[in-house]
Amino acid sequence: QVQLVESGGGLVQAGGSLKLSCVASGSDFTLNSMGWYRQVPGKERDSVAFITSIGTTSYADSVKGRFTISRDNTKNSVYLQMDSLQPEDTAVYYCNSRGFTSRGPFNSWGQGTQVTVSS
């Protein structure tokens, strides 16, 4: 079992920045892809950004040029730098990771962290 813990959410004014962090823990695991998703009440959870084990990234059109995903494999961590935040970025942000343990593949989610952008 691989656990993910996010941090870094909060309240920020429009135009401001926040950086989310997510660290994976467990035993005997290999991380492959890592990503960030977000969800607002009543809507589906949407992909925000994605990074592979070799650093290839992809972004939702709505955040391209404003958000940057990165990872530190030595720390089993993934980050999301969010700049030029807008009220429509308000959501609960979830970290996701896929990979393998000695028991087989896993697909883990964090508990979520609230990001609120005021206008």
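**Stop 1: charged partners**

Start by selecting Asp 89 and Arg 66: they form a salt bridge, with the closest N and O atoms 2.8 Å apart. (A salt bridge here is a side-chain nitrogen of Lys or Arg within 4 Å of a carboxyl oxygen of Asp or Glu.) This pair links distant parts of the chain, since Asp 89 sits in the loop between S8 and S9 and Arg 66 in the loop between strand S6 (57-59) and S7, 23 residues apart. Those strand labels are DSSP runs (E, at least two residues), numbered from the N terminus.

Before going on, two notes on what you have on screen. This is a predicted model, in which local features need pLDDT of at least 70 and side-chain atom pairs count only at pLDDT 80 or more, while totals for chains, interfaces and linings use all residues. Residues are numbered from 1 along each chain as its sequence is written, and side-chain values use heavy atoms, leaving out hydrogens and water.

Are Asp 89 and Arg 66 buried or exposed? Both are buried, where buried means under 20% relative accessible area, exposed over 50% and partly exposed in between (1.4 Å probe, protein chains only).

Arg 38 counts as buried at 14% relative accessibility, and Asp 89 does so at 1%. Together, Arg 38, Arg 66 and Asp 89 are linked in a network of salt bridges.

How many salt bridges does the structure hold? It holds three. One of them joins the side chains of Lys 64 and Asp 61, at 3.1 Å from N to O. Asp 61 is exposed, with a relative accessible area of 64%.

**Stop 2: the disulfide**

Next, pick Cys 22 and Cys 95. They form a disulfide, with their sulfur atoms 2.1 Å apart; the rule is a pair of cysteine sulfur atoms within 2.5 Å, and the count by that rule comes to one. Cys 22 lies in strand S3 (residues 18-25) and Cys 95 in strand S9 (residues 91-101), so the pair ties together parts that are 73 residues apart in sequence. Look along the S-S bond of Cys 22 and Cys 95: its torsion is about -80 degrees, so the disulfide is left-handed. Both cysteines, Cys 22 and Cys 95, are buried.

**Stop 3: a four-stranded sheet**

Switch to a cartoon view and find the open sheet, where four strands run in the order S1-S3-S8-S7 with antiparallel pairing. Its edge strands, strand S1 (3-7) and S7, each pair on one side only. (Two strands pair if DSSP finds at least two bridges between them.)

Inside this sheet, S3 and S8 run antiparallel and are joined by six bridges. Cys 22, from the previous stop, stands opposite Val 78 in S8.

Move over to S7 (residues 67-72), which pairs with strand S8 (residues 77-82) in the antiparallel sense over six bridges. Asp 72 stands opposite Ser 77 in S8. Four residues lie between the strands of this S7 and S8 hairpin, where Asn 76 takes a positive phi near 50 degrees.

In S7, Phe 67, Ile 69 and Arg 71 make up the covered face, and Thr 68, Ser 70 and Asp 72 the uncovered one.

**Stop 4: the core**

Which residues touch the most other members of the largest nonpolar core? Of its 27 residues, they are Trp 36, Val 48, Phe 67, Val 78, Leu 80, Met 82 and Tyr 93. (Such a core is a set of buried Ala, Val, Leu, Ile, Met, Phe, Trp, Tyr and Cys residues joined through side-chain atoms within 4.5 Å.)

Finish at Val 115, whose place is in strand S11. Val 115 counts as buried at 0% relative accessibility. Leaving aside neighbours within four places in sequence, its contacts (heavy atoms within 4.5 Å) include Leu 20, Met 82, Tyr 93 and Asp 89, the residue where this tour began.
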